[in-house]
Amino acid sequence: MRTLAHLCFCVAVALGLGCITDYPVITDNDQDHDTGSSLGGGGNAPLPVNTNGRAHIRESSQTAFLYEDGTDELFSFVDQKANGDQTLLTYNNHSGLAGQPAFHADLYCNPDWQGCAIWTAPNPNDPGDQPFDGTPNENCLGFRSLSILVATGRYYGECGRTRLALEDRLALLGQGKLTRRLGRIGLIYDLDATNFSIALDNNAGTVTSLPFRGDARVWYGGGPDPRATVDLTNPLLGTVGRSYANWLAEHGTDHTTATLCYAGICAPFEIAGNQGPSTPERVMANMNLHY
C-alpha cells in the first residue's frame, strides 16, 4: 500500500488533508488489491468495482479552517467506473459561524453533496497516468482553504455509496402500495411513461432516451432475504426491447450505462453493451420470442 505523498502547496494558511488527486483502484477484493492476491484460489485478479456515483473517502482526521466569516472543511469523493477509471472531487463544508465548525458526517453513507467542487482530478486506471493533475475552481467557496494531497492509500476505505441516497430511498417507500405476496408484506410500483424513463449512455458521447411503451408492475418484499417480482406481460413492452436493439446497432459500445428514473428518483446501472449476449441480433430475437 502506498504511503501519503507530499503536500504540494497551500492557499492562505491551510494545512492538512486537502484535495486528493490520486487514489488506488477500488476492487472487489477490498483492501487486498495491492498485494496482487487472487480470489478464491481461481487465479483471477481482483476486478474493479463501479461505485455508481460518488463515494466519500474516509479521512484519518477532520480538519476545519477558521476565518472571520465562518469555517471551511475540505473532504473528497471518488467516482469510479467499472473499468477502474476514476474522477476525484473535493468539496468544502462551510459553516457561517466563525469558530464553530460543523463537521460533515457519513452516518448513513450518503455521499451526495450540493455545490461546486473546488478541485476535480481525473484518475484513469492507467499506470502512465499523471498523478498530480487536476482542475481547481476558484469561484467555489472554500478555494481559499485549498491544499493538495497528491496521493493516498486506502487506509480507511470509502463510505460506500448506496444505490440511492437515504432521502430517495425514503421517498420510494412512500411511493409504493403495501400488499402481501409470497408470504410477506411488500410494496408494489406501477411503471408507465408518466413516471418511468430510461436513458442510455454508450460512454462514447451518445446519450439517448429510450421510448417506454406499455406498463410494468414491480413488487418488492424486503427483510433478511429480499425478494422481488417484475410483471412484463404487457405486449407493448416489446417495443422497448426492440428500440434498445436498434440503439445498440447504431450506437452500441462495449458497455452501456442505463439510468432508470421512477417518480423523479434515478439510479445508474452498468450493463453489457454491443457484445456477448446483448448484441442487437440477440436482443431482437429475445423480444420476438416473448412478444
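Two rings of Phe, Tyr or Trp count as a pair if their centres lie within 6.5 Å. With that in mind, look at the model above, which is a predicted one: it holds five aromatic pairs.

Let's start with Phe75 and Phe77. Their ring centres are 5.5 Å apart and their planes meet at 70°, so this pair is edge-to-face, since planes over 60 degrees apart get that label. Both residues are tucked away, too: Phe75 is buried, and Phe77 is buried as well.

Now hop over to helix α2, which covers residues 237-251. Here Tyr244 and Trp247 sit three residues apart, about one turn of the helix. Their ring centres are 6.3 Å apart with the planes at 15°, so this pair is stacked.

For α2 and helix α3 (residues 280-290), the angle is about 170° and the axes are 8 Å apart. That makes α2 roughly antiparallel to α3, as angles over 145 degrees count that way. The crossing of α2 past α3 is left-handed.

Which residues make the contact? From α2 they include Gly238, Gly241, Tyr244 and Leu248, and from α3 they include Pro280, Val283 and Met287. Sorted by class, the contact has eight nonpolar, four polar and one charged residues.

How values were computed:
Residues are numbered from 1 along each chain as its sequence is written. This is a predicted model: local features need pLDDT of at least 70, side-chain atom pairs count only at pLDDT 80 or more; totals for chains, interfaces and linings use all residues. Side-chain values use heavy atoms; hydrogens and water are left out. Axes are lines fitted to C-alpha atoms, for helices over the stretch in contact, and angles run from 0 to 180 degrees between N-to-C directions. Helices (H or I, at least four residues) and strands (E, at least two) are DSSP runs, numbered from the N terminus. Angles under 35 degrees count as roughly parallel, over 145 as roughly antiparallel, 65 to 115 as roughly perpendicular and the rest as oblique. A crossing is left-handed if the near helix is turned anticlockwise from the far one by less than a right angle, and right-handed if clockwise. Contact means heavy atoms within 4.5 Å. Ala, Val, Leu, Ile, Met, Phe, Trp, Tyr, Cys and Pro count as nonpolar, Asp, Glu, Lys and Arg as charged, and the others, Gly among them, as polar. Rings of Phe, Tyr and Trp (its six-membered ring) pair if their centres lie within 6.5 Å; planes under 30 degrees apart count as stacked, over 60 as edge-to-face and the rest as tilted. Buried means under 20% relative accessible area, exposed over 50%, partly exposed in between (1.4 Å probe, protein chains only).
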